[in-house]
Amino acid sequence: MCTLEKQGNLFILTLTGEDEHRITLSLIDSIRAALNRVTAEAMTGSALITTAQGKFFSNGVDLVWTLSDPFNFPLMDSKLRSLISDLFNLPMPTIAAVTGHASAGGFILAMSHDYVLMRKDRGFLYMSEIDIGLEIPPWFVAMVRNKVKSPAAWREVIMRGTKLTADMAIDQGIVDSVHVGAAETVKAAVKLGEELAARKWDGKVYAYSRRVVFSDLLAVLTNETVSKL
């Protein structure tokens, strides 16, 4: 599932194993439990880094289970919204160290962090819905619209399903920096986390500021209407 390690004022959450890190209800519960611990143990001047082992950061929602029963999609949608809401309310800066492929829900999970660092030599960012014939949930679109500012890049991500390499993502302003290798990506995330933690911002104020910046996204995120697939 995931592990949580504390290094000084940094919390490092790692999706474990060599699989695709498909988003399941159990993985969501595991991550949310870790975030609850982070919130409980947070000090003034903390930061969270989320990363993953293996080839994938996350290959998205477990569609086999989600589409196997009409009642499964609303449950998955609700649980995933809650996880993303937890990240937007976390009282500290958050950094995604994307060391492998981040597709669909995995892309959304990465974009839910304040900063996104990406591995240059492996992996891509990819919204797969257009290619697999599924309607993209409105709150996914709202996330991309808020995090991908260029209209041309937004079209590439949503309308063309372009698999964005690190070089493409940095050129289009989707990620903050790119690095060679998983170890270097995580190392850069730790360096950034330490720099942010050193500012010793008040966590409640930081979370409030994030909510203000992304108020339109959060309005969509908390809307109870569930999209059809």
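Student: Why is Asp167 called partly exposed?

Tutor: Asp167 has a relative accessible area of 38%. Buried means under 20%, and exposed means over 50%. The 38% of Asp167 lies in between, so Asp167 is partly exposed. Keep in mind that this is a predicted model.

Student: How do you know that Lys120 counts as partly exposed?

Tutor: By the relative accessibility of Lys120, which is 41%. That value also falls between 20% and 50%, so Lys120 counts as partly exposed.

Student: What makes the contact of Lys120 and Asp167 a salt bridge?

Tutor: The N to O distance between their side chains is 2.5 Å. The cut-off is 4 Å, from a Lys or Arg nitrogen to an Asp or Glu carboxyl oxygen. The distance of 2.5 Å is within 4 Å, so the pair passes.

Student: Where in the chain do Lys120 and Asp167 sit?

Tutor: Lys120 is in the loop between β7 (115-119) and β8 (125-126). Asp167 is in helix α8, residues 166-171. They are 47 residues apart, and the pair links distant parts of the chain.

Student: Why can such side chains pair at all?

Tutor: Side chains of opposite charge can pair when their charged atoms come close.

Student: What makes Glu156 and Arg160 a salt bridge?

Tutor: Their closest N and O atoms are 3.3 Å apart. Glu156 has 17% relative accessible area, which is under 20%, so Glu156 is buried. Arg160 has 56% relative accessibility, which is over 50%, so Arg160 counts as exposed.

Student: How many salt bridges does this rule give?

Tutor: Ten. Another one joins Arg22 and Glu20, at 3.1 Å from N to O. Arg22 is partly exposed at 34%, and Glu20 is partly exposed at 31%.

Student: Which residues of helix α7 are buried?

Tutor: Helix α7 spans residues 151-158, and its buried residues are Ala153, Glu156, Val157 and Ile158. They pack against α4 (105-111), α5 (129-132) and α6 (138-147). An α-helix has 3.6 residues a turn, so residues three or four places apart point the same way.

Student: What makes β5 largely enclosed?

Tutor: Five of the five residues of β5 are buried, so the rest of the structure largely encloses this strand. Thr94, Ala96 and Val98 point one way. Ile95 and Ala97 point the other way.

Student: Which strands form the open sheet, and in what order?

Tutor: Six strands form it, in the order β1-β2-β3-β5-β7-β9, with mixed pairing. The edge strands are β1 (2-7) and β9 (177-179).

Student: Why are β1 and β9 called edge strands?

Tutor: Each pairs on one side only. β1 pairs with β2 (residues 10-15) in the antiparallel sense over six bridges. β9 pairs with β7 in the parallel sense over three bridges. Leu117 has Ser177 as its bridge partner in β9.

Student: Which residues have the most contacts inside the largest nonpolar core?

Tutor: Ile84, Leu125 and Ile174, in a core of 54 residues. Ile174 touches residues including Met111, Leu125, Val148 and Leu164. Apart from this core lies another, of 13 residues, among them Ala97, Leu117, Ala188 and Leu196.

Student: How do you know that the chain agrees with a compact globule?

Tutor: Set its radius of gyration against the rule. With 229 residues, a compact globule would be near 17 Å. The chain has 16 Å, so the two agree. Of the 229 residues, 52% count as buried.

Definitions and conventions:
Residues are numbered from 1 along each chain as its sequence is written. This is a predicted model: local features need pLDDT of at least 70, side-chain atom pairs count only at pLDDT 80 or more; totals for chains, interfaces and linings use all residues. Side-chain values use heavy atoms; hydrogens and water are left out. Two strands pair if DSSP finds at least two bridges between them. Helices (H or I, at least four residues) and strands (E, at least two) are DSSP runs, numbered from the N terminus. Buried means under 20% relative accessible area, exposed over 50%, partly exposed in between (1.4 Å probe, protein chains only). A nonpolar core is a set of buried Ala, Val, Leu, Ile, Met, Phe, Trp, Tyr and Cys residues joined through side-chain atoms within 4.5 Å. Contact means heavy atoms within 4.5 Å. The radius of gyration is taken over C-alpha atoms; the globule rule is 2.2 Å times the number of residues to the power 0.38.
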